[in-house]
Amino acid sequence: MGLNEADTRAKLIDPALHKIGWIEDLIRREITAGTIEIINGKTKRKKGRTDYLLCLPVKENPLSIGVLEAKNEGEHATLGLGQAKEYAKSLNVPFVFSTNGHLFVAYDSFSGKVSEELPIDSFPKPELLKKLYEESRGFSLSDDNARPLFVPYRGGQSERRYYQDAAIRAALEKIAGKKEGWNRVLLSLATGSGKTRIAVQLLHKLAEAGHLRRALFVCDRNELRKQGFGQMISVFGDNAAFVENKDPKKNARIIVSTYQALGIDEDGDTSFFLQNYPENYFSHIIIDECHRSAWDKWSVVLTNNPDAVQIGLTATPRKITGEKSPEKDKDEKISRNNLKYFGEPVYEYPYAKGWEDGYLAACEIVRRSASIDERLLTREELLKKGIYDSKTGMQMGTGDVKDVYNKEDFDKLLILPDRRKAMCKDLLEQFEKTGGLRQKTIIFCANDKHAEDVEIELNNMYMEKGLPDCEKFAFKCTQKGIASGSLGESQEVLIANMRGSRNSHFIATTVDLLTTGVDIPCVQNIVFFTYVKSPILFYQMVGRGMRIDEAFGKFMFRIYDYTNATRLFGKEFISTPRTEPSRSPIEGEKRKIARVRGYYVEIRDEGTFILMKDEITGKERPFTIEEYREQLAASLVEHADNIELLREMWVNPEERKHLISALPGGEKGALLLRDLLKLKDCDLFDLFAEIGFGMTAKTRGERVTAFDYKNRDWLLSLPGDSANVIKALARQFEENGIEELESPEVFDVAEIKRAGGIKALAKISLMSGDVVSKVKMGLLAG
């Protein structure tokens with residue numbers, strides 16, 4: 001059978017690599033955050049995936065260029081190559097190696113070829129990989145252009161996650177290459193992945209390398225400016241400033257600003273910007289949320305700095321279809337078409353990957369529908385019921401009413417209080433099933449009026465339940481409401497209270513104010529009460545729930561979808577250039593907003609889904625619970641075709657890890673399915689035993705109880721204190737899961753020490769490791 005993975009690495013791979021020049025300083029470990037599991041109400045972050053990176057010898061900051069996948073000695077060297085190639089893409093390294101300690105195979109992304117199996121003593125030396133890297137990247141590492149790659153991180157390596165390092169290297173490599181388009185860089189990372197942190201460290205590296213003269217970090221919202229400035233000043237101190245009150249802050253090296261603060265108003269007035277910042281004033285520009293479609297009036301920031309390195313940050317890169325090409329649309333094309341202007345993203349980190357790595361929250365989708373949305377409401381029907389002007393209360397006549405209203409008109413042109421009431425009531429009932437009403441939630445509404453009506457409805461329903469008073473249980477947070485001063489609190493205060501208070505500001509009703517950039521990690525629910533057509537806007541809305549908030553105890557979020565918005569998962573980010581539609585005189589008149597009462601509205605269950613990566617398309621999409629369960633079961637029996645083999649694999653930590661990673665959705669998907677099937681008190685073994693082999697799932701507590709009587713004869717044959725230690729070991733399975741039994745610190749647990757600990761086990765012939773293995777098999781026995 002040969003050595004296991006850890007011993008293969010320690011006894012075969014490491015010595016062989018060291019001998020040819022891969023010393024310890026050139027092999028770096030990257031460890032992901034790891035899956036979060038809740039056992040008996042306690043949160044436990046499990047150990048993340050460890051990747052071994054090969055680095056080039058640079059004193060200040062070793063440069064990662066390859067990933068090494070170690071296999072058991074008894075496995076073929078090629079076995080881990082496919083998996084390692086996926087890791088390499090996320091790590092932004094061109095070379096991939098897989099080895100069993102005797103043979104290795106190599107892949108490089110430049111040629112796209114895989115080598116034959118070769119003896120490990122012929123593994124390429126650092127000097128050879130350096131030469132291949134330089135030839136393929138198009139620059140020498142001794143060039144001045146490459147200097148930023150070697151600048152250490154401000155605050156040390158702990159200041160970045162692996163994918164942030166990968167994104168930064170990808171950007172700097174493109175800039176250093178000086179090929180066509182070298183000074184246009186696009187980075188696409190999921191919401192919540194730390195794009196601002198990437199921007200700060202990029203500018204730090206460029207500045208320390210002597211490449212940065214003056215930089216502009218530009219965004220379109222005050223909240224984004226505030227977040228950006230806070231991080232910039234922590235690194236650049238007084239050299240960072242934000243523009244306000246027509247003060248251009250020209251003494252600052254790093255300028256943080258919104259477009260509005262740069263004096264670029266809604267009418268496209270650019271005089272303040274052009275007077276204070278002449279052509280090519282900035283050497284570097286970072287554009288936050290660069291997917292914005294309103295850039296036609298703001299693109300002067302780009303066009304007036306053609307020689308600057310321009311870096312776009314986004315979660316939603318955009319394509320343009322149906323392009324016309326008049327000269328007057330030039331600015332709009334530059335700013336809206338990310339892929340044409342910047343080129344393909346040099347690095348991408350999608351939500352599904354962030355969730356798999358343990359950096360982003362898991363997502364459950366609850367689809368609901370209102371029965372009335374299936375219908376078309378005709379003029380005749382509405383007139384018969386009685387249709388009224390929503391502003392004056394006056395009854396409307398035939399000429400004021402459209403021929404037909406469909407679901408996309410609801411709350412925009414036709415207000416249906418019965419529909420709104422039914423949806424709000426249903427939503428609160430869903431909350432009561434999942435932890436209570438006081439959940440941090442964002443509801444996306446059709447317009448400002450709709451957001452206000454939903455706020456009132458929810459607050460009234462809360463009061464009707466006779467619950468303790470709650471300041472702003474639901475509150476409106478819209479651009480119009482804030483601009484008019486009707487809320488009584490500024491946008492910043494509302495957001496701060498929602499973010500920080502555990503006793504107020506639970507449900508924000510909004511239109512699009514909270515779609516982008518606003519960092520509220522504690523948001524537990526995203527709710528769609530409005531119809532959404534744009535995948536870009538949809539992803540930005542959903543992004544508000546993707547962050548993990550460990551302090552708040554939030555590790556997953558739910559999407560309550562009343563309008564089938566989640567159909568947009570996995571869609572391309574495509575938009576059509578804006579053109580002014582031609583309108584008839586009648587169409588150009590502002591249509592009255594109508595209101596009709598008296599409809600019966602039923603809210604229907606459309607199913608619960610898990611958001612996961614589709615292995616065929618590579619994009620995330622909703623899977624029904626049954627669909628995912630079937631996929632998981634089919635994959636499981638391919639790897640373990642009977643329950644006994646599953647048990648054997650499960651008690652072996654390495655085999656268990658490889659099995660889980662090979663299943664669709666990995667550990668994160670399995671844990672989420674376990675919770676949705678109401679098996680959260682069970683070990684994953686029992687989930688797999690049930691869905692793969694039809695075994696009735698047992699809770700951890702039931703397995704511990706059964707351990708005593710199933711192993712009665714063995715326990716009675718042992719000295720009393722030895723038996724007590726073994727029983728105490730088994731009880732750790734109930735408290736902390738199977739990984740707890742495999743921890744080197746398990747014998748330091750107070751209960752085990754009180755029972756006699758290692759000394760008590762010394763009285764029997766088994767080594768402590770063998771005892772643990774026997775306990776694990778005993779717990780999982782049928």
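## Model and terms

Helices (H or I, at least four residues) and strands (E, at least two) are DSSP runs, numbered from the N terminus. The model is predicted: local features need pLDDT of at least 70, side-chain atom pairs count only at pLDDT 80 or more, and totals for chains, interfaces and linings use all residues. Residues are numbered from 1 along each chain as its sequence is written, and side-chain values use heavy atoms, with hydrogens and water left out.

## Two loop residues

Tyr600 sits in the loop between strand S29 (594–596) and S30. Tyr600 is exposed, with a relative accessible area of 67%. Exposed means over 50% relative accessible area, buried under 20%, and partly exposed in between (1.4 Å probe, protein chains only). From Tyr600 to Ala240 the C-alpha to C-alpha distance is 58 Å, and the two are 360 residues apart in sequence.

Asp614 lies in the loop between strand S30 (603–613) and strand S31 (620–624). Asp614 is buried, at a relative accessible area of 10%. Its contacts (heavy atoms within 4.5 Å), leaving aside neighbours within four places in sequence, are Lys619, Glu620, Arg621 and Phe623. The side chains of Asp614 and Arg621 make a polar contact at 2.7 Å. A polar contact is a pair of N or O atoms within 3.5 Å; within protein, one must be able to donate a hydrogen and the other to accept it, and residues adjacent in sequence count only if both atoms are side-chain atoms.

## The parallel sheet

An open sheet of 7 strands runs in the order S12-S13-S11-S14-S15-S10-S17, with parallel pairing. Strand S12 (240–242) and strand S17 (347–349) are the edge strands, each pairing on one side only. The twist averages 15 degrees from one strand to the next. Two strands pair if DSSP finds at least two bridges between them.

Strands S11 (residues 215–219) and S14 (residues 284–287) pair in the parallel sense over 4 bridges. Leu216 stands opposite Ile285 in S14. Helix H6 (residues 222–236) lies across S11, S12 and strand S13 (254–258), at about 170 degrees to S13. Axes are lines fitted to C-alpha atoms, for helices over the stretch in contact; angles run from 0 to 180 degrees between N-to-C directions.

## The H22–H23 contact

The axes of helix H22 (residues 666–676) and helix H23 (residues 684–693) come within 10 Å and cross at roughly 75 degrees. H22 and H23 are therefore roughly perpendicular to each other. That class covers 65 to 115 degrees; under 35 counts as roughly parallel, over 145 as roughly antiparallel, and the rest as oblique.

Glu667, Ala670, Leu671, Leu673 and Arg674 in H22 meet Leu684, Leu687 and Phe688 in H23.
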